[in-house]
Amino acid sequence: KKISQNLPLPFSERSSLSVVSVMCRMLMMGKLGTMIHTGRFLLRRFSEPPPTATPSRVSFHRYYSSKLTSLVSPRVSPFSSLFRLSALSSSSSATPNTRVQVDSPEHEVVIALGSNIGNRMNNFREALRLMKRYGIHLTRHSCLYETAPVHVTDQPRFLNAAVRGVTKLPPHELLTVLKTIERDMGRRDGIRYGPRPLDLDILFYGKMRIASDKLIIPHERLWERSFVLAPLVDLLGTAVDNDTVAHWHSLALHPGGIHQAWERLGGESLVGEDGIQRVLPIGDELWDFTSRTHVMGILNLTPDSFSDGGQFQSLDSAVSRVREMISEGADIIDIGAQSTRPMATRISSQEELERLLPVLEAVRSMPEMEGKLISVDTFNSEVASEAISKGADILNDVSAGALDSNMHKVVAESGVPYMAMHMRGDPCTMQNEENLQYSDVCKDVASELYTRVRDAEISGIPAWRVMIDPGIGFSKRVEHNLDVITDLPKIREEMAKRSIGVSHAPILIGPSRKRFLGDICGRPEAVDRDAATVASVTAGILGGANIIRVHNVKDNADAAKVCDAMLRRRGRSKG
(Lines give C-alpha, C1' and ligand atoms only; values in the text may rest on other atoms or scores of the structure.)
Protein backbone atom coordinates (compact mmCIF):
# COMPACT_ATOMS: atom_id res chain seq x y z
CA LYS A 1 0.00 0.00 0.00
CA LYS A 2 2.80 2.40 0.89
CA ILE A 3 4.57 1.61 -2.37
CA SER A 4 1.44 2.26 -4.45
CA GLN A 5 1.04 5.65 -2.70
CA ASN A 6 4.76 6.50 -3.14
CA LEU A 7 5.15 6.77 0.63
CA PRO A 8 8.52 6.20 2.34
CA LEU A 9 9.08 2.61 3.30
CA PRO A 10 11.06 1.92 6.52
CA PHE A 11 14.18 -0.14 6.08
CA SER A 12 12.82 -3.10 8.08
CA GLU A 13 9.66 -3.30 5.93
CA ARG A 14 11.62 -2.86 2.73
CA SER A 15 14.02 -5.68 3.70
CA SER A 16 11.22 -8.03 4.72
CA LEU A 17 9.37 -7.34 1.48
CA SER A 18 12.46 -8.18 -0.54
CA VAL A 19 13.00 -11.40 1.37
CA VAL A 20 9.38 -12.42 0.88
CA SER A 21 9.67 -11.80 -2.87
CA VAL A 22 12.65 -14.12 -3.16
CA MET A 23 11.09 -16.77 -0.94
CA CYS A 24 7.82 -16.76 -2.89
CA ARG A 25 9.72 -17.27 -6.09
CA MET A 26 11.54 -20.25 -4.56
CA LEU A 27 8.30 -21.74 -3.27
CA MET A 28 6.86 -21.66 -6.79
CA MET A 29 9.93 -23.62 -7.92
CA GLY A 30 9.33 -26.28 -5.29
CA LYS A 31 12.51 -25.43 -3.39
CA LEU A 32 11.04 -25.52 0.13
CA GLY A 33 14.21 -26.60 1.96
CA THR A 34 16.38 -24.10 0.13
CA MET A 35 13.70 -21.44 0.68
CA ILE A 36 13.83 -21.89 4.45
CA HIS A 37 17.64 -21.77 4.52
CA THR A 38 17.78 -18.76 2.20
CA GLY A 39 15.06 -16.93 4.07
CA ARG A 40 16.92 -17.26 7.34
CA PHE A 41 20.13 -16.04 5.69
CA LEU A 42 18.53 -13.02 4.05
CA LEU A 43 16.64 -12.03 7.20
CA ARG A 44 19.89 -12.10 9.14
CA ARG A 45 21.64 -9.97 6.52
CA PHE A 46 18.84 -7.41 6.41
CA SER A 47 18.16 -7.29 10.14
CA GLU A 48 20.24 -4.14 10.61
CA PRO A 49 20.20 -0.85 8.70
CA PRO A 50 23.01 -0.13 6.25
CA PRO A 51 25.92 2.15 7.13
CA THR A 52 25.79 5.77 6.11
CA ALA A 53 27.96 5.14 3.04
CA THR A 54 26.06 4.67 -0.19
CA PRO A 55 25.26 0.93 -0.39
CA SER A 56 25.85 -1.11 -3.49
CA ARG A 57 22.99 -2.75 -5.30
CA VAL A 58 22.22 -6.42 -5.02
CA SER A 59 21.79 -8.27 -8.28
CA PHE A 60 20.29 -11.72 -8.32
CA HIS A 61 20.71 -11.76 -12.13
CA ARG A 62 18.86 -14.95 -12.92
CA TYR A 63 20.57 -17.18 -10.38
CA TYR A 64 17.31 -18.67 -9.20
CA SER A 65 16.70 -20.70 -12.33
CA SER A 66 14.17 -23.42 -12.91
CA LYS A 67 16.90 -26.07 -12.72
CA LEU A 68 18.80 -25.14 -9.56
CA THR A 69 18.74 -22.64 -6.78
CA SER A 70 21.87 -21.19 -5.21
CA LEU A 71 22.75 -18.66 -2.61
CA VAL A 72 24.88 -15.93 -4.15
CA SER A 73 26.48 -13.62 -1.65
CA PRO A 74 28.38 -10.50 -2.65
CA ARG A 75 31.05 -10.07 0.02
CA VAL A 76 32.08 -6.45 0.15
CA SER A 77 30.88 -5.51 3.63
CA PRO A 78 28.23 -6.91 5.99
CA PHE A 79 25.69 -4.60 4.40
CA SER A 80 26.86 -4.41 0.80
CA SER A 81 23.98 -6.45 -0.63
CA LEU A 82 20.79 -4.46 -0.23
CA PHE A 83 17.50 -4.13 -2.03
CA ARG A 84 16.52 -0.56 -2.68
CA LEU A 85 13.00 0.77 -2.95
CA SER A 86 13.67 1.67 -6.59
CA ALA A 87 14.11 -2.03 -7.33
CA LEU A 88 10.46 -2.63 -6.60
CA SER A 89 7.87 -2.16 -9.32
CA SER A 90 4.62 -3.69 -10.46
CA SER A 91 4.36 -7.23 -11.76
CA SER A 92 1.74 -9.97 -11.99
CA SER A 93 3.03 -11.95 -8.98
CA ALA A 94 1.08 -12.67 -5.80
CA THR A 95 2.25 -9.28 -4.51
CA PRO A 96 1.10 -7.24 -7.50
CA ASN A 97 3.19 -4.15 -6.88
CA THR A 98 6.54 -5.76 -6.13
CA ARG A 99 9.29 -7.73 -7.86
CA VAL A 100 13.03 -8.27 -7.49
CA GLN A 101 15.03 -6.33 -10.07
CA VAL A 102 17.05 -8.49 -12.44
CA ASP A 103 20.02 -6.79 -14.08
CA SER A 104 23.27 -7.94 -15.67
CA PRO A 105 26.29 -5.77 -14.95
CA GLU A 106 29.72 -6.93 -16.06
CA HIS A 107 31.67 -8.99 -13.56
CA GLU A 108 35.36 -9.77 -13.59
CA VAL A 109 36.01 -13.51 -13.59
CA VAL A 110 38.91 -15.94 -13.47
CA ILE A 111 38.65 -19.24 -15.35
CA ALA A 112 41.16 -22.11 -15.07
CA LEU A 113 41.96 -24.33 -18.06
CA GLY A 114 43.35 -27.85 -18.13
CA SER A 115 43.87 -30.48 -20.84
CA ASN A 116 45.73 -33.77 -21.19
CA ILE A 117 44.10 -35.50 -24.18
CA GLY A 118 44.68 -34.74 -27.85
CA ASN A 119 46.37 -31.55 -29.03
CA ARG A 120 46.37 -29.72 -25.71
CA MET A 121 47.44 -26.36 -27.11
CA ASN A 122 44.83 -26.51 -29.84
CA ASN A 123 42.23 -27.38 -27.20
CA PHE A 124 43.14 -24.18 -25.36
CA ARG A 125 43.03 -22.06 -28.52
CA GLU A 126 39.58 -23.36 -29.39
CA ALA A 127 38.34 -22.87 -25.83
CA LEU A 128 39.43 -19.22 -25.87
CA ARG A 129 37.70 -18.70 -29.21
CA LEU A 130 34.46 -20.18 -27.90
CA MET A 131 34.61 -18.15 -24.68
CA LYS A 132 34.79 -14.95 -26.71
CA ARG A 133 31.86 -16.10 -28.85
CA TYR A 134 29.76 -16.70 -25.74
CA GLY A 135 30.39 -13.21 -24.39
CA ILE A 136 33.44 -13.65 -22.17
CA HIS A 137 35.85 -10.82 -22.97
CA LEU A 138 39.35 -12.03 -22.09
CA THR A 139 41.72 -9.43 -20.69
CA ARG A 140 44.66 -11.37 -19.22
CA HIS A 141 46.35 -14.72 -19.71
CA SER A 142 48.68 -16.63 -17.43
CA CYS A 143 51.81 -18.46 -18.42
CA LEU A 144 51.42 -22.08 -19.55
CA TYR A 145 52.34 -24.90 -17.19
CA GLU A 146 52.88 -28.55 -17.97
CA THR A 147 52.05 -30.48 -14.82
CA ALA A 148 52.08 -34.01 -13.55
CA PRO A 149 48.64 -35.57 -12.94
CA VAL A 150 47.40 -35.88 -9.37
CA HIS A 151 45.15 -38.47 -7.72
CA VAL A 152 44.96 -40.60 -10.89
CA THR A 153 48.63 -40.65 -11.87
CA ASP A 154 48.49 -43.21 -14.69
CA GLN A 155 47.57 -40.69 -17.39
CA PRO A 156 49.28 -38.09 -19.62
CA ARG A 157 50.66 -34.83 -18.24
CA PHE A 158 48.34 -31.86 -18.12
CA LEU A 159 48.65 -28.43 -19.68
CA ASN A 160 47.32 -25.81 -17.25
CA ALA A 161 46.63 -22.09 -17.52
CA ALA A 162 44.15 -19.45 -16.38
CA VAL A 163 42.50 -16.43 -17.96
CA ARG A 164 40.94 -13.30 -16.56
CA GLY A 165 38.03 -11.53 -18.24
CA VAL A 166 34.70 -9.80 -17.89
CA THR A 167 31.22 -11.09 -18.67
CA LYS A 168 27.57 -10.25 -18.17
CA LEU A 169 26.69 -13.91 -17.81
CA PRO A 170 25.40 -14.73 -14.30
CA PRO A 171 27.44 -17.36 -12.45
CA HIS A 172 25.32 -20.39 -13.25
CA GLU A 173 24.82 -19.35 -16.86
CA LEU A 174 28.59 -18.95 -17.11
CA LEU A 175 28.98 -22.43 -15.66
CA THR A 176 26.53 -23.78 -18.25
CA VAL A 177 28.47 -22.09 -21.05
CA LEU A 178 31.75 -23.57 -19.86
CA LYS A 179 30.23 -27.04 -19.60
CA THR A 180 28.89 -26.63 -23.14
CA ILE A 181 32.38 -25.71 -24.37
CA GLU A 182 33.80 -28.78 -22.63
CA ARG A 183 31.25 -31.01 -24.33
CA ASP A 184 31.88 -29.36 -27.70
CA MET A 185 35.57 -30.15 -27.23
CA GLY A 186 34.79 -33.82 -26.66
CA ARG A 187 34.66 -34.14 -22.90
CA ARG A 188 32.48 -36.95 -21.59
CA ASP A 189 31.68 -38.25 -18.12
CA GLY A 190 34.45 -40.49 -16.88
CA ILE A 191 36.78 -41.14 -13.98
CA ARG A 192 37.00 -38.27 -11.54
CA TYR A 193 40.39 -36.56 -11.94
CA GLY A 194 40.88 -38.71 -15.03
CA PRO A 195 41.97 -37.80 -18.58
CA ARG A 196 40.05 -35.05 -20.35
CA PRO A 197 40.45 -32.95 -23.51
CA LEU A 198 39.34 -29.84 -21.64
CA ASP A 199 38.56 -28.83 -18.09
CA LEU A 200 37.20 -25.33 -17.36
CA ASP A 201 36.62 -24.12 -13.80
CA ILE A 202 35.43 -20.77 -12.45
CA LEU A 203 37.91 -19.68 -9.79
CA PHE A 204 36.44 -16.25 -9.03
CA TYR A 205 33.28 -14.40 -10.03
CA GLY A 206 33.30 -10.67 -9.23
CA LYS A 207 33.11 -9.98 -5.50
CA MET A 208 30.87 -12.96 -4.82
CA ARG A 209 31.18 -16.06 -2.73
CA ILE A 210 28.87 -18.74 -4.13
CA ALA A 211 27.71 -22.04 -2.68
CA SER A 212 25.21 -24.33 -4.38
CA ASP A 213 24.87 -27.95 -5.32
CA LYS A 214 26.40 -27.12 -8.72
CA LEU A 215 28.89 -24.32 -8.06
CA ILE A 216 31.24 -23.34 -5.25
CA ILE A 217 33.34 -20.16 -5.53
CA PRO A 218 36.08 -20.09 -4.51
CA HIS A 219 36.70 -23.80 -4.90
CA GLU A 220 37.30 -25.37 -1.51
CA ARG A 221 40.56 -27.02 -2.63
CA LEU A 222 41.90 -24.08 -4.61
CA TRP A 223 44.49 -23.17 -1.99
CA GLU A 224 46.16 -26.57 -1.96
CA ARG A 225 46.58 -27.05 -5.72
CA SER A 226 49.84 -25.70 -7.10
CA PHE A 227 48.77 -26.36 -10.70
CA VAL A 228 45.87 -23.93 -10.16
CA LEU A 229 47.59 -21.36 -7.96
CA ALA A 230 50.61 -20.92 -10.26
CA PRO A 231 48.57 -19.64 -13.24
CA LEU A 232 46.17 -17.77 -10.93
CA VAL A 233 49.04 -15.75 -9.45
CA ASP A 234 50.21 -14.91 -13.00
CA LEU A 235 46.96 -12.99 -13.60
CA LEU A 236 47.70 -10.61 -10.75
CA GLY A 237 50.33 -8.01 -10.01
CA THR A 238 52.23 -7.61 -6.79
CA ALA A 239 50.28 -4.35 -6.56
CA VAL A 240 46.48 -4.70 -6.24
CA ASP A 241 44.93 -3.10 -9.32
CA ASN A 242 41.25 -2.87 -8.30
CA ASP A 243 38.68 -3.62 -5.57
CA THR A 244 37.68 -6.92 -7.15
CA VAL A 245 41.24 -8.21 -6.96
CA ALA A 246 41.44 -7.02 -3.35
CA HIS A 247 38.33 -9.11 -2.65
CA TRP A 248 39.90 -12.18 -4.28
CA HIS A 249 42.88 -11.79 -1.97
CA SER A 250 40.51 -11.57 1.00
CA LEU A 251 39.09 -15.00 0.13
CA ALA A 252 42.47 -16.69 0.57
CA LEU A 253 43.15 -18.63 3.74
CA HIS A 254 46.16 -16.46 4.55
CA PRO A 255 46.45 -12.82 5.66
CA GLY A 256 48.85 -12.15 2.78
CA GLY A 257 46.20 -13.13 0.27
CA ILE A 258 46.74 -15.22 -2.85
CA HIS A 259 50.45 -14.43 -2.99
CA GLN A 260 51.01 -15.83 0.49
CA ALA A 261 48.91 -18.88 -0.31
CA TRP A 262 51.20 -19.56 -3.28
CA GLU A 263 54.34 -18.98 -1.23
CA ARG A 264 53.07 -21.31 1.52
CA LEU A 265 52.89 -24.09 -1.06
CA GLY A 266 56.44 -23.36 -2.20
CA GLY A 267 55.94 -20.59 -4.76
CA GLU A 268 58.55 -20.25 -7.51
CA SER A 269 60.62 -23.05 -6.00
CA LEU A 270 57.96 -25.47 -7.30
CA VAL A 271 58.44 -24.43 -10.93
CA GLY A 272 60.85 -26.85 -12.54
CA GLU A 273 60.28 -29.14 -9.57
CA ASP A 274 57.23 -30.90 -8.11
CA GLY A 275 55.92 -31.78 -11.56
CA ILE A 276 55.36 -28.16 -12.71
CA GLN A 277 57.16 -26.73 -15.72
CA ARG A 278 56.60 -23.26 -17.21
CA VAL A 279 56.56 -23.56 -21.01
CA LEU A 280 55.97 -21.52 -24.15
CA PRO A 281 53.99 -22.93 -27.11
CA ILE A 282 55.68 -23.08 -30.50
CA GLY A 283 53.39 -24.73 -33.02
CA ASP A 284 52.11 -27.87 -31.37
CA GLU A 285 55.23 -28.23 -29.23
CA LEU A 286 55.94 -26.87 -25.77
CA TRP A 287 59.28 -25.11 -25.34
CA ASP A 288 60.99 -25.34 -21.98
CA PHE A 289 62.79 -22.00 -21.89
CA THR A 290 63.86 -22.04 -18.23
CA SER A 291 66.13 -25.09 -18.06
CA ARG A 292 69.06 -23.53 -19.95
CA THR A 293 70.08 -20.51 -22.00
CA HIS A 294 69.12 -20.67 -25.66
CA VAL A 295 71.38 -19.23 -28.35
CA MET A 296 69.94 -17.24 -31.26
CA GLY A 297 72.29 -16.89 -34.22
CA ILE A 298 71.97 -13.76 -36.36
CA LEU A 299 71.60 -13.99 -40.13
CA ASN A 300 71.45 -10.55 -41.77
CA LEU A 301 70.39 -10.50 -45.41
CA THR A 302 70.92 -6.76 -45.67
CA PRO A 303 73.64 -4.81 -47.49
CA ASP A 304 73.89 -2.20 -44.72
CA SER A 305 73.80 -3.94 -41.32
CA PHE A 306 76.42 -2.53 -38.94
CA SER A 307 78.33 -5.79 -38.42
CA ASP A 308 77.98 -8.15 -41.37
CA GLY A 309 76.06 -6.19 -43.99
CA GLY A 310 76.38 -7.63 -47.47
CA GLN A 311 78.08 -10.88 -46.44
CA PHE A 312 75.09 -13.21 -46.76
CA GLN A 313 73.00 -11.80 -49.60
CA SER A 314 73.41 -14.80 -51.87
CA LEU A 315 71.35 -17.90 -51.15
CA ASP A 316 74.38 -20.18 -50.97
CA SER A 317 76.27 -17.97 -48.52
CA ALA A 318 73.19 -17.62 -46.31
CA VAL A 319 72.58 -21.37 -46.16
CA SER A 320 76.26 -22.02 -45.51
CA ARG A 321 76.23 -19.53 -42.63
CA VAL A 322 73.16 -21.16 -41.08
CA ARG A 323 74.80 -24.57 -41.29
CA GLU A 324 77.88 -23.17 -39.55
CA MET A 325 75.85 -21.57 -36.72
CA ILE A 326 73.90 -24.77 -36.14
CA SER A 327 77.14 -26.74 -35.85
CA GLU A 328 78.43 -24.19 -33.32
CA GLY A 329 75.42 -24.57 -31.04
CA ALA A 330 72.63 -22.23 -32.25
CA ASP A 331 69.11 -23.18 -31.13
CA ILE A 332 67.37 -20.45 -33.12
CA ILE A 333 68.24 -18.74 -36.41
CA ASP A 334 67.05 -15.12 -36.56
CA ILE A 335 66.70 -13.96 -40.17
CA GLY A 336 66.41 -10.25 -40.95
CA ALA A 337 66.04 -8.52 -44.32
CA GLN A 338 65.47 -4.96 -43.02
CA SER A 339 68.33 -3.21 -41.25
CA THR A 340 67.53 -1.67 -37.86
CA ARG A 341 70.90 0.02 -37.26
CA PRO A 342 70.74 3.73 -36.35
CA MET A 343 69.65 5.85 -39.36
CA ALA A 344 68.81 2.76 -41.45
CA THR A 345 66.62 3.42 -44.49
CA ARG A 346 63.26 1.69 -44.47
CA ILE A 347 62.75 -0.46 -47.55
CA SER A 348 59.45 -1.51 -49.17
CA SER A 349 57.60 -4.67 -48.18
CA GLN A 350 58.27 -6.09 -51.62
CA GLU A 351 62.03 -5.59 -51.37
CA GLU A 352 62.14 -7.05 -47.88
CA LEU A 353 60.19 -10.11 -49.01
CA GLU A 354 62.40 -10.60 -52.07
CA ARG A 355 65.44 -10.76 -49.79
CA LEU A 356 63.79 -12.89 -47.12
CA LEU A 357 61.57 -15.57 -48.64
CA PRO A 358 64.07 -17.53 -50.77
CA VAL A 359 66.43 -17.85 -47.80
CA LEU A 360 63.64 -18.64 -45.33
CA GLU A 361 62.30 -21.45 -47.52
CA ALA A 362 65.80 -22.86 -48.07
CA VAL A 363 66.66 -22.79 -44.38
CA ARG A 364 63.33 -24.34 -43.43
CA SER A 365 64.07 -27.32 -45.68
CA MET A 366 67.59 -27.96 -44.31
CA PRO A 367 67.94 -31.34 -42.56
CA GLU A 368 70.16 -29.65 -39.96
CA MET A 369 67.19 -27.51 -38.84
CA GLU A 370 65.35 -30.44 -37.31
CA GLY A 371 64.68 -29.50 -33.70
CA LYS A 372 65.79 -25.91 -34.33
CA LEU A 373 63.66 -22.77 -34.59
CA ILE A 374 63.46 -19.97 -37.14
CA SER A 375 62.78 -16.40 -36.06
CA VAL A 376 62.07 -13.61 -38.54
CA ASP A 377 63.17 -10.11 -37.59
CA THR A 378 60.71 -7.57 -39.04
CA PHE A 379 58.45 -4.73 -37.94
CA ASN A 380 56.35 -4.95 -41.11
CA SER A 381 53.06 -6.86 -40.72
CA GLU A 382 52.85 -7.77 -44.42
CA VAL A 383 56.31 -9.32 -44.26
CA ALA A 384 55.43 -11.01 -40.97
CA SER A 385 52.33 -12.62 -42.44
CA GLU A 386 54.22 -14.02 -45.44
CA ALA A 387 57.11 -15.22 -43.31
CA ILE A 388 54.83 -17.07 -40.92
CA SER A 389 53.05 -18.73 -43.84
CA LYS A 390 56.45 -19.91 -45.13
CA GLY A 391 57.48 -21.53 -41.88
CA ALA A 392 58.75 -18.91 -39.40
CA ASP A 393 58.36 -20.17 -35.82
CA ILE A 394 58.82 -16.83 -34.02
CA LEU A 395 58.10 -13.22 -34.98
CA ASN A 396 60.78 -10.82 -33.69
CA ASP A 397 59.53 -7.21 -33.77
CA VAL A 398 61.95 -4.46 -32.68
CA SER A 399 59.04 -2.00 -32.39
CA ALA A 400 56.66 -4.27 -30.41
CA GLY A 401 53.94 -3.22 -32.85
CA ALA A 402 54.53 0.52 -32.63
CA LEU A 403 55.65 0.87 -36.28
CA ASP A 404 52.79 -1.11 -37.82
CA SER A 405 49.29 -0.94 -36.38
CA ASN A 406 48.35 -4.24 -38.02
CA MET A 407 51.21 -6.26 -36.53
CA HIS A 408 49.45 -7.42 -33.39
CA LYS A 409 46.42 -8.59 -35.38
CA VAL A 410 48.62 -10.60 -37.75
CA VAL A 411 50.53 -12.25 -34.92
CA ALA A 412 47.35 -12.91 -32.92
CA GLU A 413 45.79 -14.77 -35.83
CA SER A 414 48.97 -16.70 -36.63
CA GLY A 415 49.45 -18.34 -33.25
CA VAL A 416 53.25 -17.92 -33.28
CA PRO A 417 55.25 -16.58 -30.32
CA TYR A 418 55.91 -12.84 -30.37
CA MET A 419 59.18 -11.17 -29.38
CA ALA A 420 58.37 -7.62 -28.26
CA MET A 421 61.35 -5.26 -27.98
CA HIS A 422 61.70 -1.87 -26.30
CA MET A 423 62.51 1.03 -28.59
CA ARG A 424 61.48 4.68 -28.73
CA GLY A 425 60.81 6.17 -32.14
CA ASP A 426 62.17 4.26 -35.14
CA PRO A 427 65.69 3.39 -36.33
CA CYS A 428 66.10 6.89 -37.75
CA THR A 429 65.01 8.71 -34.57
CA MET A 430 65.75 6.27 -31.75
CA GLN A 431 69.05 7.94 -30.79
CA ASN A 432 67.61 11.47 -30.86
CA GLU A 433 68.16 13.39 -27.64
CA GLU A 434 64.49 13.29 -26.60
CA ASN A 435 64.47 9.49 -26.89
CA LEU A 436 67.47 9.13 -24.57
CA GLN A 437 65.91 10.70 -21.49
CA TYR A 438 65.17 8.32 -18.59
CA SER A 439 64.47 8.93 -14.92
CA ASP A 440 65.32 5.28 -14.17
CA VAL A 441 66.12 3.30 -17.28
CA CYS A 442 65.09 -0.13 -15.94
CA LYS A 443 61.81 1.13 -14.50
CA ASP A 444 61.03 3.15 -17.62
CA VAL A 445 61.89 0.31 -19.99
CA ALA A 446 59.75 -2.10 -17.95
CA SER A 447 56.78 0.30 -17.93
CA GLU A 448 56.94 1.14 -21.64
CA LEU A 449 57.52 -2.44 -22.71
CA TYR A 450 54.68 -3.67 -20.50
CA THR A 451 52.35 -1.18 -22.19
CA ARG A 452 53.24 -2.63 -25.59
CA VAL A 453 52.75 -6.19 -24.30
CA ARG A 454 49.34 -5.25 -22.87
CA ASP A 455 48.34 -3.79 -26.24
CA ALA A 456 49.38 -7.06 -27.84
CA GLU A 457 47.39 -9.10 -25.30
CA ILE A 458 44.26 -7.00 -25.77
CA SER A 459 44.69 -7.56 -29.53
CA GLY A 460 44.58 -11.32 -28.98
CA ILE A 461 48.18 -12.39 -28.30
CA PRO A 462 48.07 -14.31 -24.99
CA ALA A 463 50.82 -13.51 -22.50
CA TRP A 464 51.88 -17.15 -22.70
CA ARG A 465 53.05 -16.46 -26.30
CA VAL A 466 55.08 -13.33 -25.50
CA MET A 467 58.84 -12.94 -25.14
CA ILE A 468 60.47 -9.65 -24.20
CA ASP A 469 63.64 -7.84 -25.23
CA PRO A 470 64.74 -4.71 -23.31
CA GLY A 471 66.31 -3.35 -26.49
CA ILE A 472 70.02 -3.03 -25.77
CA GLY A 473 71.46 -0.45 -28.17
CA PHE A 474 68.04 0.95 -29.08
CA SER A 475 67.20 4.43 -27.71
CA LYS A 476 69.90 4.08 -25.04
CA ARG A 477 73.23 5.59 -24.08
CA VAL A 478 76.23 3.54 -22.97
CA GLU A 479 75.28 3.78 -19.30
CA HIS A 480 71.67 2.81 -20.05
CA ASN A 481 72.80 -0.36 -21.82
CA LEU A 482 75.03 -1.31 -18.90
CA ASP A 483 72.22 -0.75 -16.41
CA VAL A 484 69.83 -2.92 -18.41
CA ILE A 485 72.31 -5.78 -18.78
CA THR A 486 73.26 -5.83 -15.11
CA ASP A 487 69.79 -5.29 -13.67
CA LEU A 488 67.40 -7.57 -15.56
CA PRO A 489 65.84 -8.68 -12.24
CA LYS A 490 64.72 -5.08 -11.68
CA ILE A 491 62.93 -5.10 -15.03
CA ARG A 492 61.13 -8.31 -14.07
CA GLU A 493 60.29 -6.87 -10.66
CA GLU A 494 58.82 -3.69 -12.16
CA MET A 495 56.71 -5.70 -14.61
CA ALA A 496 55.54 -7.96 -11.80
CA LYS A 497 53.91 -5.01 -10.07
CA ARG A 498 51.38 -5.01 -12.91
CA SER A 499 51.51 -8.60 -14.17
CA ILE A 500 53.39 -11.49 -12.60
CA GLY A 501 52.72 -13.55 -15.72
CA VAL A 502 54.41 -11.04 -18.04
CA SER A 503 57.33 -10.78 -15.61
CA HIS A 504 57.94 -14.51 -16.16
CA ALA A 505 58.16 -14.15 -19.96
CA PRO A 506 61.42 -15.30 -21.60
CA ILE A 507 63.90 -12.40 -21.80
CA LEU A 508 66.19 -12.00 -24.80
CA ILE A 509 69.27 -9.79 -24.74
CA GLY A 510 71.11 -8.69 -27.88
CA PRO A 511 74.31 -6.77 -27.08
CA SER A 512 76.30 -8.53 -29.79
CA ARG A 513 79.04 -6.35 -31.32
CA LYS A 514 77.10 -3.16 -30.62
CA ARG A 515 78.65 0.28 -30.60
CA PHE A 516 78.52 0.82 -26.84
CA LEU A 517 80.91 -2.12 -26.45
CA GLY A 518 83.29 -0.50 -28.94
CA ASP A 519 83.05 2.79 -27.05
CA ILE A 520 83.99 1.07 -23.79
CA CYS A 521 86.77 -1.09 -25.23
CA GLY A 522 88.11 1.23 -27.90
CA ARG A 523 87.12 -1.16 -30.70
CA PRO A 524 85.82 0.85 -33.67
CA GLU A 525 85.33 -2.27 -35.84
CA ALA A 526 82.27 -4.35 -34.96
CA VAL A 527 84.00 -7.64 -35.72
CA ASP A 528 86.56 -6.91 -32.98
CA ARG A 529 83.91 -6.77 -30.22
CA ASP A 530 83.32 -10.50 -29.71
CA ALA A 531 85.17 -10.70 -26.40
CA ALA A 532 83.19 -7.73 -25.09
CA THR A 533 80.03 -9.46 -26.29
CA VAL A 534 80.90 -12.59 -24.30
CA ALA A 535 81.37 -10.48 -21.18
CA SER A 536 78.04 -8.72 -21.59
CA VAL A 537 76.01 -11.86 -22.32
CA THR A 538 77.62 -13.56 -19.32
CA ALA A 539 76.36 -10.78 -17.06
CA GLY A 540 72.93 -10.96 -18.68
CA ILE A 541 72.60 -14.73 -18.32
CA LEU A 542 73.59 -14.62 -14.67
CA GLY A 543 70.93 -11.93 -14.25
CA GLY A 544 68.18 -14.09 -15.74
CA ALA A 545 68.31 -13.78 -19.55
CA ASN A 546 66.84 -16.83 -21.28
CA ILE A 547 67.97 -16.15 -24.86
CA ILE A 548 71.10 -14.48 -26.21
CA ARG A 549 71.10 -13.08 -29.75
CA VAL A 550 74.66 -13.14 -31.14
CA HIS A 551 76.82 -13.09 -34.26
CA ASN A 552 79.60 -15.29 -32.89
CA VAL A 553 77.68 -18.40 -31.88
CA LYS A 554 80.60 -20.63 -30.88
CA ASP A 555 82.14 -18.44 -28.17
CA ASN A 556 78.86 -17.23 -26.76
CA ALA A 557 77.37 -20.74 -26.67
CA ASP A 558 80.34 -21.83 -24.56
CA ALA A 559 79.84 -18.83 -22.26
CA ALA A 560 76.16 -19.76 -21.90
CA LYS A 561 77.01 -23.33 -20.91
CA VAL A 562 79.36 -22.11 -18.19
CA CYS A 563 76.78 -19.63 -16.88
CA ASP A 564 74.09 -22.32 -16.82
CA ALA A 565 76.37 -24.60 -14.84
CA MET A 566 76.95 -21.80 -12.33
CA LEU A 567 73.21 -21.20 -12.02
CA ARG A 568 72.51 -24.88 -11.48
CA ARG A 569 75.08 -24.89 -8.68
CA ARG A 570 73.28 -21.96 -7.11
CA GLY A 571 69.91 -23.65 -7.58
CA ARG A 572 68.37 -20.79 -9.55
CA SER A 573 65.82 -21.09 -12.32
CA LYS A 574 65.31 -18.45 -14.99
CA GLY A 575 61.86 -17.06 -15.73
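Colleague: How many disulfides does the count come to?

Modeller: In this predicted model, the count comes to zero disulfides. A disulfide would require a pair of cysteine sulfur atoms within 2.5 Å.

Colleague: What makes Cys143 count as buried?

Modeller: Buried means under 20% relative accessible area. Cys143 has 6% relative accessibility, so it counts as buried. Cys563, at 2%, therefore counts as buried as well.

Colleague: Why is the aromatic pair of Phe124 and Trp464 called tilted?

Modeller: The planes of Phe124 and Trp464 stand 45 degrees apart. Stacked requires under 30 degrees and edge-to-face over 60, so this pair is tilted. The centres are 6.3 Å apart, and the cut-off for a pair is 6.5 Å. Phe124 lies in helix H3 and Trp464 in the loop between helix H12 and S16, so the pair ties together parts that are 340 residues apart in sequence. Phe124 is buried, with a relative accessible area of 0%, and Trp464 is buried at 4%.

Colleague: How do you know that the charged end of Arg424 sits over the ring of Tyr438?

Modeller: The charged end of Arg424 is 3.9 Å from the ring centre of Tyr438, and the rule asks for a distance within 6 Å as well as a position within 35 degrees of the ring normal. Arg133 likewise sits over the ring of Tyr134, 5.4 Å from its centre.

Colleague: What joins strand S15 to S16?

Modeller: Four bridges join these parallel strands, and a pairing needs at least two. Ala420 stands opposite Ile468 in S16.

Methods: Residues numbered from 1 in each chain as written. Predicted model: local features only at pLDDT ≥ 70, side-chain atom pairs only at ≥ 80, totals over all residues. Heavy atoms only, no water. Helix = DSSP H or I, 4+ residues; strand = E, 2+ residues; numbered from the N terminus. Buried < 20%, exposed > 50% of the residue type's maximum accessible area, 1.4 Å probe, protein only. Phe/Tyr/Trp six-rings, centres within 6.5 Å; stacked < 30°, edge-to-face > 60°.
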